[in-house]
Amino acid sequence: MERRAFLKLAGATVAGAAATACSAAPPAQAPSSAPGTSLPPSTGVAPPDWAALRNKVSLLLPGDSGYDNAKRVFNPAFDGLEPAAIAKCAKPEDVQAAVSAAARRVPIAARSGGHSYAGYSVPDGGLMIDLGGMSSVDVQGDRVVIGAGAKLKDVYATLGAAGRCLPAGSCPSVGIAGLTLGGGIGVLARKYGLTCDHLVSARVVTADGEIRTASADSEPELFWALRGGGGGNFGVVTSFTFRTDPAPSAVSVFSLHFPAGSAKDILAEWQRWLPEAPPELWANVVLSGGSPVGVRISGCHVGDSASLTRLLDKIGGTRMMKQLDYLGAMKYFSGSENRQSFVASSRILGEPADPAKLTSILNGRRGMDLLIDGLGGAVADIAPDATAFWHRKALGSVQIYSQADARNRSAATDSVAEVVSGLGLGGGYVNYIDPALPDWMTAYYGGNATRLKQVAKTYDPDKVFGFAQAVTPD
């Protein structure tokens, strides 16, 4: 897939730090506190004893060899953030020691894949808990136990070899943690549901330094919150146990291209076509800024190419189609692992929108895409309050994405803000987290916000894992 397309599917890879990913978004305007920072620690509290912690955990401090590389995340925009220390954790007890040493002294954030759109996994002046050393993927029959530091490329490779399937994102370097904690939208979601819908249990280090198992039978409120309540909240997840499905023998992938000037009509048709299609079909529609605005549709079908052909005949376009196995399809959608500088935000397409409005706002805006990922199917089969992921009945999630480097970042930020404002859509996907999103608690969590705050009151009453968009007690 082209280098930007994977961004629409992934989750920020932060377990215990704010997500939201390829699960959250760089600010469309300056946030109230600097990206990557938590709420300020209480005054008069002694700083952590880094020397003592170093005797328990592999610890990097500024100036140490490897520190600069260890603090880097996917978006170079956050290279200037400087954690006071980086704890490279290899087991849950390392996370315990790190949380206990830093709690209520400095900001704490965990980093898995490092795709937080707002840089929240790099706590400026705080402790970064690096989970990269906890990356095992252990298939156990129809279950898989995955360490919080595992990347999707390794998850898919192991599952594919075992003939098992877990619906997840597409960016190969995204971590399983942030993706799951924010919900987990992917190309198989309409058939199999969100990543979080397959979660059976999670091991979590909470603010009091305890290691807990969250499941339907143990810590059920915490388990509910971890399925869509956003990375960075409630504790640091160290491992996940998922239910898997047999890997489909055939997944047919496709892309459709259309003549210049047809974007409005194709968007209108996509909004009618996808909800009427069987759940085996997933598709997105991408509007590309320019004069005229471009349009393309891509997706996949759990089934053979003959079945897909009949579905695609209903929408037309110049067609590319290929039948693959499960692992081949996941590799097909895999994007580049190279770091990318960008600005992005999100909204939710709750119902069909005015195609003319969504198309015209991109007129002349080269380098900007509006990506709409289809929902429905198995995602909508679950009630909005059954898990913390609220947007169950939506038609799709919308990502507004713009290239941005050091030279044009300010202009790109302003342009994204203008487009977001002009769309007239509400809601937001926490895995595309945006510090400038108005009323973000309601946008991300809808009617689940109050219950999430209660979970935070139970498990993190002192805001140990607080940050600019943390779920905290009232």
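How much accessible surface does the protein chain have, and what share of that surface belongs to carbon and sulfur atoms? The accessible surface comes to about 16,200 Å², and carbon and sulfur atoms account for 48% of it. Welcome to this structure, which is a predicted model. Here is a short tour, from the whole chain down to two local spots.

**The whole chain**
- The protein chain contains 14 helices and 18 strands. Its radius of gyration is 21 Å, close to the 23 Å that the globule rule gives for 474 residues, so the chain is as compact as a globular protein of that length.
- Along the principal axes, the C-alpha atoms fill a box of roughly 65 × 50 × 40 Å.
- Buried residues make up 61% of the 474 in the protein chain.

**Helix α9**
- Look at residues 305-312 to find α9, where L308, L311 and L312 are buried. Viewed down the helix axis, the buried residues of α9 fall within an arc of 95 degrees, so they line one face of the helix.
- At the N-terminal end, D304 caps α9, with a side-chain oxygen 3.3 Å from the backbone nitrogen of A306.

**Strands β3 and β4**
- In β3 (residues 108-111), I108 and A110 point one way while A109 and R111 point the other way, and all are buried.
- β3 pairs with β4 (residues 127-130) in the parallel sense, over four bridges. For I108, the bridge partner in β4 is L127.

Note on methods: Residues are numbered from 1 along each chain as its sequence is written. This is a predicted model: local features need pLDDT of at least 70, side-chain atom pairs count only at pLDDT 80 or more; totals for chains, interfaces and linings use all residues. Side-chain values use heavy atoms; hydrogens and water are left out. Buried means under 20% relative accessible area, exposed over 50%, partly exposed in between (1.4 Å probe, protein chains only). Helices (H or I, at least four residues) and strands (E, at least two) are DSSP runs, numbered from the N terminus. The arc is that of the directions from the helix axis to the C-beta atoms. A polar contact is a pair of N or O atoms within 3.5 Å; within protein, one must be able to donate a hydrogen and the other to accept it, and residues adjacent in sequence count only if both atoms are side-chain atoms. The radius of gyration is taken over C-alpha atoms; the globule rule is 2.2 Å times the number of residues to the power 0.38. Accessible areas come from the Shrake-Rupley method with a 1.4 Å probe; for residues, only the protein chains shown count as cover. Two strands pair if DSSP finds at least two bridges between them.
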